[in-house]
Amino acid sequence: MKEPIEKIITNILKSIYQPFLFAIVISFLIVFVSMYLEKYQGMEWKAQLKRALLDWKTKFVRSKKTRRIFYFSFITTLILFKTLFSREMWLNPLTDVLGVWGLYKKNGQFTTEIFENILLFIPFVLFFFLFLETTTKRTFRFLKIIGESIVVSFVFSLAIETLQLFLRLGTWQLSDLCFNTLGGVVGGLLYWISVKIRRKKL
């Protein structure tokens with residue numbers, strides 16, 4: 001009798017723990033939306049929502065900054081969902097510290113983790129720099145951009161790996177850090193190329 005009860009309690013706690021971060025983020029966003037809708041007080045809630053959506057659409061079409069914030073937020077949320085919000089709990093997050101460096105895991109199973117880690121961080125760094133363009137004055141020297149790409153992608157990846165370690169969501173892997181950073185460098189390179197192209201058009 002004791003074992004089934006322990007299993008029930010464990011499963012219930014696990015089902016709450018896993019989506020906990022995602023629930024916090026969604027709740028945070030809902031509060032922001034409700035604060036935004038307060039500017040349309042006095043209208044019916046359907047009219048409030050319609051007006052807010054029309055304002056959002058207008059802002060998105062007319063404002064480059066708004067579009068870049070949206071794209072950067074989208075890819076950041078995508079990365080967080082894949083690396084944290086949708087992960088199963090692990091008893092020991094340090095079971096595979098070196099990680100995966102090829103197309104096959106230690107057990108011989110085929111994996112695409114390398115490509116996923118690289119590809120996710122290419123748009124992350126690219127849109128990060130595009131967003132910064134709209135908020136700060138920047139220099140576009142090649143080495144500076146590549147250096148910043150390494151720092152941004154490495155720090156963000158390290159933060160994710162550290163959260164995985166302490167929250168026990170996934171495993172801490174050195175390979176993830178390396179391939180995420182590599183993806184960030186490619187993203188920085190693409191950003192530098194885009195700057196060159198845009199400057200030639202001026």
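**Pocket linings in a predicted model**

**View 1. Helix H4 is the leading contributor to the lining of the largest pocket, with 9 residues.** The model is predicted, so that local features need pLDDT of at least 70 and side-chain atom pairs count only at pLDDT 80 or more, while totals for chains, interfaces and linings use all residues. Residues are numbered from 1 along each chain as its sequence is written, and side-chain values use heavy atoms, without hydrogens and water. Helices are DSSP runs (H or I, at least four residues), numbered from the N terminus. A pocket is an open set of points on a 1 Å grid over the protein atoms alone where a 1.4 Å probe fits, with protein on both sides within 12 Å along at least five of seven lines; lining residues have an atom within 4 Å of a point.

**View 2. The largest pocket holds about 920 Å³ of space.** Two or more lining residues come from each of helix H2 (20-37), helix H3 (45-62) and helix H4 (64-85). Among the 22 lining residues, Leu29, Phe32, Val33, Trp56 and Phe70 lie nearest the pocket centre. The lining comprises 17 nonpolar, 4 polar and 1 charged residues.

**View 3. The second largest pocket has a volume of about 500 Å³.** It is lined by 27 residues, with Arg87, Glu113, Thr171, Gln173 and Asp176 closest to its centre. H4, helix H5 (113-133), helix H6 (142-167) and helix H7 (174-201) each supply at least two lining residues; H5 gives the most, with 5. By class, this lining has 7 nonpolar, 11 polar and 9 charged residues.

Conventions. Grid points are joined across faces, edges and corners, and a volume is the space filled by probe spheres set on the points. Ala, Val, Leu, Ile, Met, Phe, Trp, Tyr, Cys and Pro count as nonpolar, Asp, Glu, Lys and Arg as charged, and the others, Gly among them, as polar.
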